[in-house]
Amino acid sequence: MPSEESSRASAAAQASCRPFWLALPGLLWMTLFFLVPLLLVLAISFASRGTYGGILWEFTWANYLDLLHPLYGKILGQSLWYATLTTAICFVVGFPLAYVIARSPARWQPLWLLLVMLPFWTNFLVRTYAWMIILRQDGLANHLLLALGLISEPLELLYTPAAVVIGLVYGYLPFMVLPLYVAVERLDPALVEAAWDLYASRWAVWTRVVVPLTMPGIVGGCILVFIPSIGSFITPDLLGGARSMMIGNLIQHEYLVVRDWPLGSAVSFVLMAIVMAAVVLYYRQAGGADGSSEGR
Amino acid sequence: MRPVIRPIALCLCWLWLAGGLTACGQGSGDDATGTRPVLHYFTWSDYVGPEIIREFERREQVKVVIDTFSSNEELLAKLQSGATGYDVAVPSDFMVAIMIQQGLLTELDRTELSNASTLEPHLQSLPFDPERRYSVPYLWGTVGIGYDSRIIETPPDSWSILWDPRYKGRISMLNDQREVFGAVLRSMGQSMNSTDPQVIEAAKERLLRQKPLVKTYTSDHYDQLLASGEVVLAQGWGGPVARAMADRPSIRYVVPKEGATIWADCLVVLRTAPQKRLAMRFINYLMEPAVAARTSERLRFASASRLAREMVAASTRDNPAVYPPLDQLARLEWMRDVGKGIRLYDRAWTELKMQ
């Protein structure tokens with residue numbers, strides 16, 4: 001039956017085509033509003049700047065060469081440090097929380113998850129302003145510490161690097177907890193019990209069973225925290241004070257204060273390259289962990 | 001790859017959903033304009049009295065949409081990036097000169113601006129727009145130091161107090177390159193409009209030495225920092241310092257003896273304004289003596305209108321942070337467009353902020 005065969009084949013071909021057409025609106029949207037602007041920023045990063053700002057279309061490497069100045073390296077290093085620290089703290093705080101939620105009775109889980117997400121119902125800027133009130137000299141945090149007798153005079157909290165990290169951890173903790181919850185929820189408790197039965201130490205259960213099996217969630221959470229942290233600018237701007245400029249603030253400064261769009265674009269691309277490199281690194285690690293857990 | 005992607009995608013969905021719902025809530029207010037004409041007013045943050053705007057909306061049967069910026073540079077950057085649709089903006093003196101030079105402004109229609117002629121004598125003809133073809137001075141004042149007289153008992157009279165290590169971590173400076181460099185240049189006995197690279201380099205060195213003492217560079221909420229005691233010295237415009245006085249009566253304001261900025265924020269109509277006639281009427285309304293006096297009371301800035309000075313309360317008129325005493329004029333300096341020299345300031349400011 002060749003005719004039936006061919007009609008079946010064409011139906012199959014149609015079926016395989018259909019998803020492509022369905023993707024067109026999305027593709028068009030991403031091309032117009034993501035890819036084109038991105039290429040524009042790339043082009044601007046090789047242009048030079050007019051006296052009052054604006055863009056002169058003369059090709060130059062000068063913007064990228066400018067970034068070799070040690071001060072830019074310092075800002076970059078500072079941003080990397082804040083983002084890494086934020087990710088680490090989010091992991092240490094987030095993992096036990098995710099574990100407890102995933103192991104709590106099933107009917108309570110939606111409530112705990114809702115509570116984790118609840119802050120997102122308020123604007124991020126407003127919540128950051130609230131932190132300014134909490135952290136300032138006569139703020140809530142200092143009153144509490146004084147009342148508990150832990151300190152004898154108010155600590156300097158607001159406008160310090162610590163305030164920036166507190167703000168970042170607060171802002172991005174849910175991004176860590178949710179993927180970890182998903183991963184822990186999928187972790188079969190029987191495997192952990194088996195490890196105990198085989199006389200694994202506490203540490204071995206953790207490093208050889210729990211961590212490898214929840215690795216996808218750990219990597220996902222770390223990526224979701226690290227990327228917005230390194231590019232954040234509201235938090236260091238409002239909580240950071242005079243000495244906590246991050247790369248996001250630098251980009252904002254180049255664009256809006258000194259009106260050097262070409263340099264700002266170059267900084268943006270360097271940031272993007274770093275984020276890409278970090279993501280690739282994380283994925284590699286995740287892949288390796290998956291593979292090795294199979295091997296054992 | 002796949003096991004990593006799936007939880008990420010799932011979480012993004014949840015979080016975006018949660019965030020998206022709040023975003024929906026914010027958007028709904030803007031659509032209630034109907035067919036009334038809309039005026040777009042681009043001004044400094046914290047620079048409008050809502051009831052004054054509402055009165056204009058009622059009177060003219062229009063809607064006024066307000067957008068804000070927090071430095072002259074930001075205003076210029078946003079307009080240069082092609083932001084159109086704004087009708088009236090409020091640049092300061094030197095930025096008026098740049099905006100005229102860049103062809104961003106429309107000539108004003110004198111016939112619509114009956115209230116714009118009764119200005120304070122010293123604001124009648126300003127160097128950046130001597131015939132007032134493009135701009136009407138709106139509010140004016142000085143830049144000085146706000147300080148807490150309970151902590152700093154001998155009243156300071158010099159910018160050098162901002163370099164005093166006793167107040168480490170309790171000093172705030174404006175987040176404004178021209179003002180910060182202006183203060184240090186005056187303290188060095190130089191003009192705040194210097195374009196000499198060596199002078200600017202020396203000024204930057206001084207500011208780098210000061211930086212460890214500075215808690216934060218902010219142009220927006222140093223009034224709250226002063227009022228809450230977070231800082232005891234703040235470089236600032238008089239108005240916010242005067243507002244801090246209301247909350248903490250021990251706050252004082254001084255214009256240092258080495259000299260300081262005199263500024264005037266001006267009302268201008270943009271070349272791309274969709275509502276030019278309405279824009280003229282809005283400017284005329286803001287300059288109406290009674291309205292100007294109320295604005296002055298509310299924002300704690302001196303009005304450029306001579307008639308408004310007579311209408312404000314004596315406590316406002318006599319507060320040197322609000323109405324600068326006229327005998328100070330001799331040591332005050334106008335900020336000017338420094339042309340290509342702005343690159344020197346841009347670079348020095350970036351280096352200072354990054355350090």
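How many cavities of 30 Å³ or more does a search of the whole structure find?

Analyst: Happy to. Please keep in mind that this is a predicted model. The search of the whole structure finds one cavity of 30 Å³ or more, and the largest cavity has a volume of about 40 Å³. Its lining is made up of Tyr41(B), Tyr47(B), Val48(B), Gly49(B), Ile52(B), Ile53(B), Tyr138(B), Leu286(B) and Thr295(B). Sorted by class, that lining has seven nonpolar and two polar residues, and no charged ones.

The largest pocket has a volume of about 1100 Å³. It is lined by 42 residues, and those nearest its centre are Asp237(A), Leu238(A), Ser70(B), Asn175(B) and Asp220(B). Chain A gives two or more residues to this lining from each of helix H5 (124-135), helix H10 (234-239) and helix H11 (247-257). On the chain B side, the elements that do so are strand S2 (63-69), helix H3 (72-80), strand S6 (214-217), helix H7 (222-227) and helix H13 (342-354). H11(A) gives the most, with five residues. By class, the lining of the largest pocket divides into 18 nonpolar, 17 polar and seven charged residues.

Where does this pocket sit relative to the domains of chain B? The domain assignment gives chain B a domain 1 (35-140 + 263-326) and a domain 2 (141-261 + 334-354). Both of them give residues to the lining of the largest pocket, so the pocket lies between them.

The centres of domain 1 and domain 2 of chain B, taken over C-alpha atoms, are separated by 25 Å. Across the boundary, 25 residues of domain 1 of chain B are in contact with 22 residues of domain 2 of chain B. The size of an interface is often given as the accessible area lost when the parts come together. Here the two domains of chain B bury about 1900 Å² between them, with 61% of it on carbon and sulfur atoms. In domain 1 of chain B, the residues that lose the most area to domain 2 are Phe94(B), Trp263(B) and Ala321(B), together 32% of what that side buries.

This interface between the domains also has one salt bridge by the rule used. Elsewhere in the list of pairs, the side chains of Arg243(B) and Asp46(B) meet in a salt bridge, at 3.4 Å from N to O. Most residues other than glycine have a negative phi. Asp46(B), although not a glycine, has a positive phi of about 65°. Arg300(B) is also not a glycine and has a positive phi of about 65°, and Arg300(B) lies in the loop between H10 and strand S10 (302-303) of chain B.

The area buried between the two chains is about 4600 Å², of which carbon and sulfur atoms give 65%. Four salt bridges are counted between chain B and chain A. Asp66(A) forms a salt bridge with Arg347(B), where the closest N and O atoms are 3.5 Å apart.

Over all chains, the search finds 23 salt bridges. Within chain B, Arg59(B) pairs with Glu288(B), their closest N and O atoms being 3.0 Å apart. Arg59(B) lies in helix H2 (residues 50-60) and Glu288(B) in the loop between helix H9 (276-287) and helix H10 (289-299) of chain B, so the pair ties together parts that are 229 residues apart in sequence.

Terms used
Residues numbered from 1 in each chain as written. Chains lettered and ligands numbered in written order. Predicted model: local features only at pLDDT ≥ 70, side-chain atom pairs only at ≥ 80, totals over all residues. Heavy atoms only, no water. 1 Å grid on protein atoms, 1.4 Å probe; cavity = no way out; pocket = protein on both sides within 12 Å on 5 of 7 lines; lining within 4 Å. Points joined across faces, edges and corners; volume = space filled by probe spheres on them. Helix = DSSP H or I, 4+ residues; strand = E, 2+ residues; numbered from the N terminus. Nonpolar A, V, L, I, M, F, W, Y, C, P; charged D, E, K, R; others polar. Domains from an automatic or database assignment. Contact = heavy atoms within 4.5 Å. Buried area = accessible area lost by both parts, 1.4 Å probe.
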